[in-house]
Amino acid sequence: MNEEVIEKTIEWCRGCFNINSDYIINYKRRHMGDCWGECEHINDTTFEITIHPMMCIRDTAATVIHEMLHVKQWIHESKRDESDDGEAEANSLQYKLADLMWSLGIL
Ligand SMILES: [Zn+2]
């Protein structure tokens with residue numbers, strides 16, 4: 001169930017954030033203590049997202065969206081001001097977009 005939510009959310013974010021199929025986004029599920037998600041930039045076109053496996057659907061989707069916003073920032077906003085780590089944007093949008101996915105019937 002959790003994996004299906006992660007995969008659907010990654011696909012939806014690809015469309016939403018204009019991340020085309022040239023970019024590879026892998027994910028894994030792993031316990032990370034009190035860290036719920038992580039995004040690693042492996043190389044120019046490959047990203048790896050790690051998601052904590054013990055979350056409800058809404059938190060899982062929101063965490064994937066948060067990490068996908070970081071992917072989007074890397075790809076489309078490379079000139080981003082270095083004092084802005086993108087956390088504010090990711091935090092402010094993650095639940096809004098998760099609830100939008102829910103209301104659109106995607107989750
Ligand atoms: Zn973040």
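Arg14 is partly exposed, because 17 other C-beta atoms lie within 10 Å (a residue is buried with 20 or more other C-beta atoms within 10 Å of its own, exposed with 12 or fewer, and partly exposed in between, with C-beta atoms placed from the backbone). Arg14 is found in helix 1; helices (H or I, at least four residues) and strands (E, at least two) are DSSP runs, numbered from the N terminus. Arg14 and Lys96 lie 82 residues apart in sequence, and their C-alpha atoms are 17 Å apart in space.

The model is predicted: local features need pLDDT of at least 70 and side-chain atom pairs count only at pLDDT 80 or more, whereas totals for chains, interfaces and linings use all residues. Residues are numbered from 1 along each chain as its sequence is written.

The protein contains three helices and three strands, in the order α-β-β-β-α-α from the N terminus. Its radius of gyration is 13 Å, close to the 13 Å given by the globule rule for 107 residues, so the protein is as compact as a globular protein of that length (radius taken over C-alpha atoms; rule, 2.2 Å times the number of residues to the power 0.38). Of the 107 residues, 28% count as buried.

Helix 2 (residues 57–76) has 20 residues and spans 28 Å from first C-alpha to last, close to the expected 28 Å (1.5 Å times one less than the number of residues). Its buried residues include Thr60, Val64, Met68 and Val71. The buried residues of helix 2 pack against helix 1 (2–16), strand 1 (24–29), strand 2 (37–43), strand 3 (46–51) and helix 3 (87–103).

Note on methods: Contact = placed C-beta atoms within 7 Å.
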